Amino acid sequence: MSMIGEYLRVTPAELGRVIREPEWAWDLVEEVRDAEEETQPAPAEARHFSTYKAWDMLRFLLAYVEFPVNVIQGEEPFAEDEDWGYGPPRYLRPERVKLAAEALRATSYDQLLGDVDPAELTNAEVYPLRWGEPGALEWGRHWYDDLTQFFEAAAEAEDAVLVWLD
């Protein structure tokens with residue numbers, strides 16, 4: 001079984017309902033995921049997005065550069081008694097989404113890699129543990145670019161973002 005980073009854009013009104021009715025949030029996730037499964041929209045147009053297995057690599061790299069927003073695990077808990085795969089979900093308020101989008105846009109993937117050695121990811125046991133393979137760090141580039149597009153679109157729409165590991 002894989003650990004997958006998941007995101008859902010929600011309006012401020014939907015976020016209010018998510019916080020009040022956490023069980024409704026999962027129904028919304030399933031509804032949006034099912035609808036977008038057929039159309040497969042680009043990250044800038046999607047409400048649901050996934051970094052798949054790249055989530056932990058991105059977490060490590062973003063922490064390495066002291067990124068100002070926790071875009072990988074979210075910041076504020078809700079549904080704390082629920083397990084959405086690997087623990088409860090969290091969210092980012094619209095103002096944090098905006099800050100994240102600005103910071104993602106200002107940080108290229110090459111800057112994110114900086115002087116990181118793949119051995120550092122191996123030593124830190126960063127999932128999925130294949131960092132000794134040639135070009136392993138390049139694997140995350142497209143996930144980072146797509147994550148940036150997703151957050152830019154969410155910020156432009158003034159949306160909040162739900163975050164969880166599935």
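Glu 6 stands opposite Ser 50 in strand E2. This pair belongs to a predicted model, in which strand E1 (residues 5–10) and E2 pair in the antiparallel sense over four bridges.

- Five strands form an open sheet in the order E2-E1-E5-E4-E3, with antiparallel pairing.
- E2 and strand E3 (76–77) stand at the edges and have a single partner strand each, so one side of each is left without a neighbour in the sheet.
- E3 is joined by two bridges to strand E4 (residues 90–92), and the two run antiparallel.
- Glu 76 has Tyr 91 in E4 as its bridge partner.

**Helices on the sheet**
- Helix H1 (residues 12–20) packs on the sheet, where it touches E1, E4 and strand E5 (160–165).
- The direction of H1 makes about 120 degrees with that of E1.
- Helix H2 (residues 22–39) lies across E1, E2 and E5 and runs at about 100 degrees to E1.

**The contact of H4 with H7**
- The axes of helix H4 (residues 94–106) and helix H7 (residues 141–156) come within 8 Å and cross at roughly 140 degrees; H4 and H7 are therefore oblique to each other.
- The crossing of these two helices, H4 and H7, is left-handed.
- Residues making the contact include Val 97, Ala 101 and Leu 104 of H4, and Tyr 144, Leu 147 and Phe 151 of H7.
- By type, the residues of this contact comprise nine nonpolar, one polar and three charged.

Note on methods. Residues numbered from 1 in each chain as written. Predicted model: local features only at pLDDT ≥ 70, side-chain atom pairs only at ≥ 80, totals over all residues. Heavy atoms only, no water. Axes fitted to C-alpha atoms, helices over the stretch in contact; angles between N-to-C directions. Parallel < 35°, antiparallel > 145°, perpendicular 65-115°, else oblique. Left-handed = near helix turned anticlockwise from the far one by under 90°. Contact = heavy atoms within 4.5 Å. Nonpolar A, V, L, I, M, F, W, Y, C, P; charged D, E, K, R; others polar. Pairing = 2+ DSSP bridges.
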